[in-house]
Amino acid sequence: MCGIVGYIGMREAAPILLSGLQRLEYRGYDSAGIALQNGGLPFMKQKGSVGALLAAYEESPAKMVGATLGIGHTRWATHGDPSDRNAHPHLNADEDIALIHNGIVENYSLLRKELISEGYAFLSDTDSEVLVHLVDRIWKTDPSLSLEAVVRAALRHVEGAYGLCVISPRDPDKIVVARKGSPLVIGIGEGEYFIASDAAPIVEHTKKVVYLSDGEMAVVTREGYQVKTIENVETEKVITELDFSLEKIEKGGFEHFMLKEIFEQPEVMRDVMRGRVRTEEGRVVLGGIEDYLDRLKQAKRIVICACGTSWHAGLIGEYLIEDFARIPVEVDYASEFRYRNPIIGPDDVVIVISQSGETADTLAALRAAKEKGAMVMGICNVVGSTIPRETMCGIYTHAGPEVGVASTKAFTAQVIVLYMLALALSKGRTISHDEMRLSLKELSQVPEHAAKILELDAQIQTIAESFKDARNFLYLGRGYNFPVALEGALKLKEISYIHAEGYPAAEMKHGPIALIDEDMPVIFIATRDSSYNKILSNIEEVRSRKGRVIAIASEGDTEVARLAEHVIYIPQASAQIMPLLTVIPLQLLSYHIATRRGCNVDRPRNLAKSVTVE
Ligand code: G6P
């Protein structure tokens, strides 16, 4: 989820690259850098915002002057903390090749070992740096090759996803770019060309663009561009005319960041699993906890602490870990845990979950657990934030920056991580090899199912229209869908300011049933699992009190349709997978109700994205 920009033309490149990077900052903002070509290969890169890089450039622009070709990058860390050394571009030892990269090199640790054994010195902890050394190695074996030929040869060794740009004074006046799983666009100006990870930095210069497809490479010069597949077969490209406003491009064409982030989920889910889910081998690879896995498996008890949406993910984690790994789990609000003198000791594992990695209560819970001698592990989205720095081990969610205050893609990423963790804890203990493969196969199908659910957006908009004036909502679910009911209710209240409550469906009779009348919409998560018949009875109870029922049901179900005013059908999957699917229509429903009420969904009143105070 980082941002890429490139320029080749007749103008000074540095200011163009820096302003382009500012347009891309929503894609990542923990470090930034540029490299230019003006005979040599001057570069600057540092931790912090693009603004800070711009200030550093303005202080000493001299070495960059005269360069009319360059590349730039704004980073959202995946491998290696945000730091000067981990910022892109990465250079080879001779400093005559510069490379920037988006995506994840899955086999980087293998490649890194290989290169180190050949004498290559690594200056960063990133997966990306292997790419520049691979290019260097191939070029050393045959210096007569062109830059594109060496990049092409290097990419044959790479597994994973990339959007990348490479420049070198050894083969000057060109930018070589390649794409697999991470977008790249070429902007076509008058005698100048722009490259970027999306159109945001290009649109102020030109409206004519060419989108690279997966598996394509391009060589961009001042005279033009040539696109070929990575296998070196020439391809025909169509020029597209941009008709977007800049603001819309930053939001990927969506009205709000929240909607963009909801729709990004299939892609994010793939990123979370990339290189980690090995279905065929029947195993999960979680680098950040590898050295601690035995200790985790021996835990007498796991306590999960978190706040808000992350706490809901924790509840699902409890069900998953107990179900698969048979280790007792408790879930606590971080704010309660820190003040209630909990019984915790060296046999316990405390897992803190946080999108931002900075939530004050979660951080305090982590410190309290550490003080009591527990092993502490983190599940976080922001690499290098405080929580990952203070935990002994952890798993990053790799969901990319989440801008909307109401968490959506970070939640599904957290649940996937918890699913992978539960399976990793089960391996060799509570689950057979075949069960493992089956569970991983199901998980790897989730992005596809999620994409299918997103196609129901129009139906969900119609439902939103008829319920936008409701004053209360009740969300009910059982088992794995109970935490989803809580999350659905939280999403609605956060952004639409409608009062909403989530409950385990069976608890309805102990209170909430008193609220039900013809003005009370009740959302049932009624997918087919072991409590399906029981939830049907709960729906009957609401219907007989004239409550208005919206149900989320499994495809092919006819029973629910008989009872509900609206049914949203989602693909059938096992109970453990369901939260990843059932939450999506609830996110969309909250979004569409909130926008119809004129609410500012990306910045709801009184809420903050990161709550760093008590
Ligand atoms: C705030 C945000 C929520 C988030 C919660 C926990 O309340 O508005 O969206 O779930 O903090 O944040 P964390 O970054 O720790 O997941």
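Here are some exercises on this structure, each with a worked solution.

This is a predicted model, in which local features need pLDDT of at least 70 and side-chain atom pairs count only at pLDDT 80 or more, while totals for chains, interfaces and linings use all residues. Residues are numbered from 1 along each chain as its sequence is written, and side-chain values use heavy atoms, with hydrogens and water left out.

**Exercise 1. The ligand and its surroundings**

Task: Find which residues come nearest to the ligand, and describe the shell around the ligand.

Solution: 

Step 1. Start with the neighbours. A residue is near a molecule if one of its heavy atoms lies within 4 Å of it. There are 14 residues around the ligand, and Ser-310, Ser-354, Gln-355, Ser-356 and Thr-359 come nearest.

Step 2. Sort the shell by residue type. It has 4 nonpolar, 8 polar and 2 charged residues. Here Ala, Val, Leu, Ile, Met, Phe, Trp, Tyr, Cys and Pro count as nonpolar, Asp, Glu, Lys and Arg as charged, and the others, Gly among them, as polar.

Step 3. Ask where the shell comes from. Helix α10 (residues 308-325) gives the largest share, 3 residues. Helices (H or I, at least four residues) and strands (E, at least two) are DSSP runs, numbered from the N terminus.

Step 4. Look at the oxygen atoms of the ligand. A polar contact is a pair of N or O atoms within 3.5 Å; within protein, one must be able to donate a hydrogen and the other to accept it, and residues adjacent in sequence count only if both atoms are side-chain atoms. A side-chain N or O atom of Ser-356 is 2.6 Å from a ligand oxygen. For Gln-355, a backbone N or O atom lies 2.7 Å from an oxygen atom of the ligand. A polar backbone atom of Ala-608 is 3.0 Å from a ligand oxygen.

Step 5. Finish with the cover. On its own the ligand has 390 Å² of accessible area, and the protein covers 90% of this. Accessible areas come from the Shrake-Rupley method with a 1.4 Å probe; for residues, only the protein chains shown count as cover.

**Exercise 2. A histidine in helix α10**

Task: Is His-312 buried or exposed, and which residues does His-312 touch?

Solution: 

Step 1. Check the accessibility. Buried means under 20% relative accessible area, exposed over 50%, partly exposed in between (1.4 Å probe, protein chains only). His-312 counts as buried because its relative accessibility is 6%.

Step 2. List the contacts, meaning heavy atoms within 4.5 Å. Not counting residues up to four places away in sequence, His-312 touches Phe-411, Pro-483, Leu-486, Glu-487 and Leu-490. With Glu-487 there is also a polar contact of 2.8 Å between the side chains.

**Exercise 3. Salt bridges**

Task: How many salt bridges does a search of the whole structure find, and which parts does the pair of Glu-465 and Arg-596 tie together?

Solution: 

Step 1. Recall the rule: a salt bridge is a side-chain nitrogen of Lys or Arg within 4 Å of a carboxyl oxygen of Asp or Glu. The search finds 33 salt bridges.

Step 2. Take Arg-11 and Glu-192, whose closest N and O atoms are 3.0 Å apart in a salt bridge. Arg-11 sits in the loop between β1 (3-8) and α1 (13-23), and Glu-192 in the loop between β9 (185-188) and β10 (193-196), so this pair links distant parts of the chain, 181 residues apart. Glu-192 is buried at 13% relative accessible area, whereas Arg-11 is partly exposed at 37%.

Step 3. Turn to Glu-465 and Arg-596, which form a salt bridge of 2.8 Å, N to O. Glu-465 lies in helix α17 (residues 457-467) and Arg-596 in helix α21 (residues 578-596), so the pair ties together parts 131 residues apart in sequence. Salt bridges with shared partners join Glu-465, Lys-468, Asp-469 and Arg-596 into one network.

**Exercise 4. A threonine in a loop**

Task: Which polar atoms does the side chain of Thr-206 reach?

Solution: 

Step 1. Thr-206 is found in the loop between β10 and β11 (208-211), and is buried at 9% relative accessibility.

Step 2. A polar atom of the Thr-206 side chain lies 2.7 Å from the backbone oxygen of Ile-188. The side chain of Thr-206 also reaches the backbone nitrogen of Lys-208 at 3.0 Å.
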